[in-house]
Amino acid sequence: MKILVVDDSRSVRRIMGGMLSKMGHEIFEAEHGKEALEQLKAHPDIGLLMLDWNMPVMNGMELLEAMKKGRDEGPRPTIVMCTTENEMSKIVHAMTKGANEYIMKPFTKEILEEKLGILGIHGEDNGA
Amino acid sequence: MISPEAVQFFLMLLRKESGLALDESKKYLLETRLEPLAAQEGYASINDLYMAVRNTNNSLLRQEVVDAMTTNETSFFRDRMPFDIFKNEVIPDLIKRNERSRRIRIWCAACSTGQEPYSLAMELASMSAKMPGWNIKILGTDITEAVLKKAREGTYSQHDIQRGLPTPYLIRFFKQSGMNWVLNSDLKRMVEFKRLNLLSNFSWIGQFDIVFCRNILIYFDVETKKTVIGRIGGVLAPHGALFLGGSETLLGIDNPFVRAGGMKGKYYHLNGAPAPVR
């Protein structure tokens, strides 16, 4: 699956991209929401977004809003928030705005795999 | 470094007290689990802990050794597949079959800190519209009192609630409390926890429609496995379902079960059980 990792931290993009790539996925990166929109336009077959909340230029919630407005442009990818925001109110807010799952940082490989498993997304070696 | 005598002693103790059949290749497990216990109890090394357990009549320390070795990793909705089968096949069948009694009894053997019985409780709570007024009870048992205490509290860390738990269930069934997450009391009330050693005769615990006994049989030798599985057969209703762990099998063991649910199913009915209700 083509996965876009949207996070302003290069090390988070590298670590998460590394985990996902080992699971057999193809990884794209964006530093903020605006760049993510450009990537989505260039690669409409991206199936999953791993999305940080707090980023410069355009944050995660603003990106969710922008994607909602542009939903006529094609099928919407699945969205997993991955953020340090760990309050229940924030989790509820993101899920209401259209996120499909929510990961709180710090996360482990097991957490990442199990959260994607909930959404029916498995690594290629897991017989997806 | 643990001495060969200590390894032999602890392996024998574990086999006798819990049925855990480890061999010397699991020496690392003894070291990783018992070194922290030795330090916590004020012994200079794991060998000093061995001397203390061997030479004194300290049953509490003996129990702590068994507890440290038998505490197993668990997570919400571990391996997912059994929970999907539970929700989509086994419970719908029980709704038809138990229509008159409107009662379901479930036993999670070796439930550790409670994630498995609470996962089942969450699935059942989500299906409550299909079974209004039903009397549903889940029993969680484990050999270790410390994990049962945590299970009864129903309080989990951020790491725990991220392992396998779908976020909509987190929102619906948990409250945030500082750094932790606490299950709501309605859900906690669905599950009762009791201490139980699977090596003991547990015929007194009643009869169950569903038994989850996952990822514990792998630690038993063939004879112990046969005894435990036979006894589970004795407390399972004639139409009941037994779920085992993903890497566990009853192949080669004389047992009263037949496999159900296809290749990926990994659950069992008693031999001669009535066909599912359509």
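Trainee: Which residues does His32(A) touch, not counting those up to four places away in sequence?

Mentor: This is a predicted model, so treat what follows as read from a prediction. His32(A) touches Val6(A), Met55(A), Pro56(A), Val57(A) and Met58(A), leaving out residues up to four places away in sequence.

Trainee: Where is His32(A) placed?

Mentor: In the loop between strand 2 (26-30) and helix 2 (33-42) of chain A.

Trainee: And why does His32(A) count as buried?

Mentor: Because the relative accessibility of His32(A) is 15%, and the cut-off for buried is under 20%.

Trainee: Next, the sheet in chain A. What is the strand order?

Mentor: The order is 2-1-3-4-5, in an open sheet of five strands with parallel pairing. Strand 2 and strand 5 of chain A each have a single partner strand, so one side of each is left without a neighbour in the sheet. From one strand to the next, the twist averages 20°.

Trainee: How many bridges join strand 1 to strand 2 of chain A?

Mentor: Five, and the two strands run parallel. Within that pair, Ile3(A) stands opposite Ile27(A).

Trainee: Which strands does helix 1 of chain A lie across?

Mentor: Strand 1, strand 2, strand 3 and strand 4 of chain A, and helix 1 runs at about 165° to strand 2. Helix 4 (residues 88-96) of chain A lies across strand 4 and strand 5, at about 145° to strand 5.

Trainee: What about helix 5 of chain A, which residues there are buried?

Mentor: Ile111(A), Leu112(A), Lys115(A), Leu116(A) and Gly117(A). Their cover comes from both chains: it includes helix 1, strand 3, strand 4 and strand 5 of chain A, together with helix 8 (158-162) and helix 9 (167-173) of chain B. Just after helix 5, Gly120(A) has a positive phi of about 80°.

Trainee: Over to chain B. Which residues of helix 7 are buried?

Mentor: Val147(B), Leu148(B) and Ala151(B). Seen down the axis of helix 7, these buried residues fall within an arc of 100°, so they line one face of the helix. The face turned away from them carries the exposed residues Ala146(B) and Lys149(B).

Trainee: What covers the buried side of helix 7 of chain B?

Mentor: The cover includes helix 6 (115-126), strand 2 (135-142), strand 3 (155-156) and strand 6 (191-195) of chain B.

Trainee: Now aromatics. How many aromatic pairs are there over all chains?

Mentor: The count is 16. In one of them, Trp107(B) and Phe208(B) have ring centres 5.7 Å apart and planes at 35°, so the pair is tilted. Trp107(B) lies in strand 1 of chain B and Phe208(B) in strand 7, so the pair ties together parts that are 101 residues apart in sequence. Both residues are buried.

Trainee: And why is the pair of Tyr169(B) and Phe173(B) edge-to-face?

Mentor: Because their planes stand at 80°, and over 60 degrees counts as edge-to-face. The ring centres are 5.6 Å apart. Both residues lie in helix 9 of chain B, four residues apart, about one turn of the helix. Tyr169(B) and Phe173(B) are both buried.

Trainee: Which cluster do ring pairs link them into?

Mentor: One that holds Phe77(B), Phe83(B), Phe86(B), Tyr169(B), Phe173(B), Phe212(B), Phe243(B) and Tyr267(B).

Trainee: Last one: what lies over the face of Trp53(A)?

Mentor: Lys90(A), at 5.5 Å from the ring centre.

Technical notes: Residues are numbered from 1 along each chain as its sequence is written. Chains are lettered from A and ligands numbered from 1 in the order in which they are written. This is a predicted model: local features need pLDDT of at least 70, side-chain atom pairs count only at pLDDT 80 or more; totals for chains, interfaces and linings use all residues. Side-chain values use heavy atoms; hydrogens and water are left out. Buried means under 20% relative accessible area, exposed over 50%, partly exposed in between (1.4 Å probe, protein chains only). Contact means heavy atoms within 4.5 Å. Rings of Phe, Tyr and Trp (its six-membered ring) pair if their centres lie within 6.5 Å; planes under 30 degrees apart count as stacked, over 60 as edge-to-face and the rest as tilted. A charge sits over a ring if NZ of Lys or CZ of Arg is within 6 Å of the ring centre and within 35 degrees of the ring normal. Two strands pair if DSSP finds at least two bridges between them. Axes are lines fitted to C-alpha atoms, for helices over the stretch in contact, and angles run from 0 to 180 degrees between N-to-C directions. The arc is that of the directions from the helix axis to the C-beta atoms.
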